[in-house]
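Hello,

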Amino acid sequence: VVLADGTTNTLTDGTTTTLSDKGALFANDTLEISGGGTLKVTGNRQHAISSDDDIILESGTVVVTNAVKDAFHANDDITVKGGTVTVQNAGSDALESEATVNIAGGTLNLTCPAGNALKAATSYSGTGGTINVYSSDNGVKGDSSVNISGGDYNIVCANNAVKSDLLVDVSGGTFKINSSADGIKSYSL
């Protein structure tokens, strides 16, 4: 998906369908978003943006105004290299992958009153970017590992700011945390 410079594009799905849809914007293969325009997505039935493979944001501005489930959902990987991602409301997680999440750049403004802001079923990697989080659950969660070597994290959450069930490795980045539970929680440091 190439967002033409200077354009604002809107995509909204219906609340009912006869199809087994997976999102307002869905790809069977890798979904790559680039360009200098803006895409506003509302997911009234499932996820707002989803892929059976990877989601890659190269550039542009993507705004999820609402999602019944996850704002972004991928079976394999979610990578943000640049651009701006804003999630105004998600019924579950803001960005969730059934495998990995990689944040290398860009600006993420994530509001998720019912789930995690950034959730990876295996590993989360953060090497850059600005991540602003308001979450009713965890800010960053990687089930098997969380590895952060860069990026600016501003996290307000009702659970743990950074959590892994196994390993957390923080070697860089800046953090401002307001958490109702632990700032960083893992079973192996």
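Eight strands form an open sheet in the order 3-6-9-12-15-17-19-22, with parallel pairing. Strand 3 (23–27) and strand 22 (184–185) stand at the edges, each with a single partner strand, so one side of each has no neighbour in the sheet. Strands here are DSSP runs of E, at least two residues long, numbered from the N terminus. Two strands pair if DSSP finds at least two bridges between them.

Before the details, two notes on the source. This is a predicted model: local features need pLDDT of at least 70, side-chain atom pairs count only at pLDDT 80 or more, and totals for chains, interfaces and linings use all residues. Residues are numbered from 1 along each chain as its sequence is written, and side-chain values use heavy atoms, with hydrogens and water left out.

**Strand pairs**

Strand 19 (residues 162–164) pairs with strand 22 in the parallel sense, over two bridges. There, V162 stands opposite I184 of strand 22.

Strand 4 (residues 31–35) pairs with strand 7 (residues 54–57), also in the parallel sense, over three bridges. L31 stands opposite I55 in strand 7. Strand 7 also runs parallel to strand 10 (residues 77–80), and four bridges join them. I56 has T79 in strand 10 as its bridge partner.

**The cavity**

The structure holds one cavity of 30 Å³ or more. A cavity is a set of points on a 1 Å grid, over the protein atoms alone, where a 1.4 Å probe fits but cannot get out; lining residues have an atom within 4 Å of a point. Points are joined across faces, edges and corners, and the volume is the space filled by probe spheres set on them.

Which residues line the largest cavity? They are I55, I56, L57, F72, I78, T79, V80 and V85. Strand 7 and strand 10 each supply at least two residues of this lining. The lining divides into seven nonpolar residues, one polar and no charged. Ala, Val, Leu, Ile, Met, Phe, Trp, Tyr, Cys and Pro count as nonpolar, Asp, Glu, Lys and Arg as charged, and the others, Gly among them, as polar.

**The core**

The largest nonpolar core has 45 residues, of which I49, F72, L95, L110, L118 and Y124 touch the most other members. Strand 18 (residues 145–157) gives the largest share, five residues. Such a core is a set of buried Ala, Val, Leu, Ile, Met, Phe, Trp, Tyr and Cys residues joined through side-chain atoms within 4.5 Å. Buried means under 20% relative accessible area (1.4 Å probe, protein chains only).

Leaving aside neighbours within four places in sequence, L95 is in contact (heavy atoms within 4.5 Å) with residues including F72, I78, V80 and V85.

A120 is found in strand 15 (residues 118–120). A120 is buried, at 0% relative accessible area. Beyond four places in sequence, its contacts include S97, A99, K141 and D143. A120 and S145 are 25 residues apart in sequence and 8.8 Å apart in space, C-alpha to C-alpha.

G126 lies in strand 16 (residues 123–135). G126 also counts as buried, with 0% relative accessibility. Not counting residues up to four places away, G126 touches I103, N147, I148, S149, G150 and Y153. G126 and G173 are 47 residues apart in sequence and 8.6 Å apart in space, C-alpha to C-alpha.

Best wishes

Conventions: 1 Å grid on protein atoms, 1.4 Å probe; cavity = no way out; pocket = protein on both sides within 12 Å on 5 of 7 lines; lining within 4 Å. Buried < 20%, exposed > 50% of the residue type's maximum accessible area, 1.4 Å probe, protein only.
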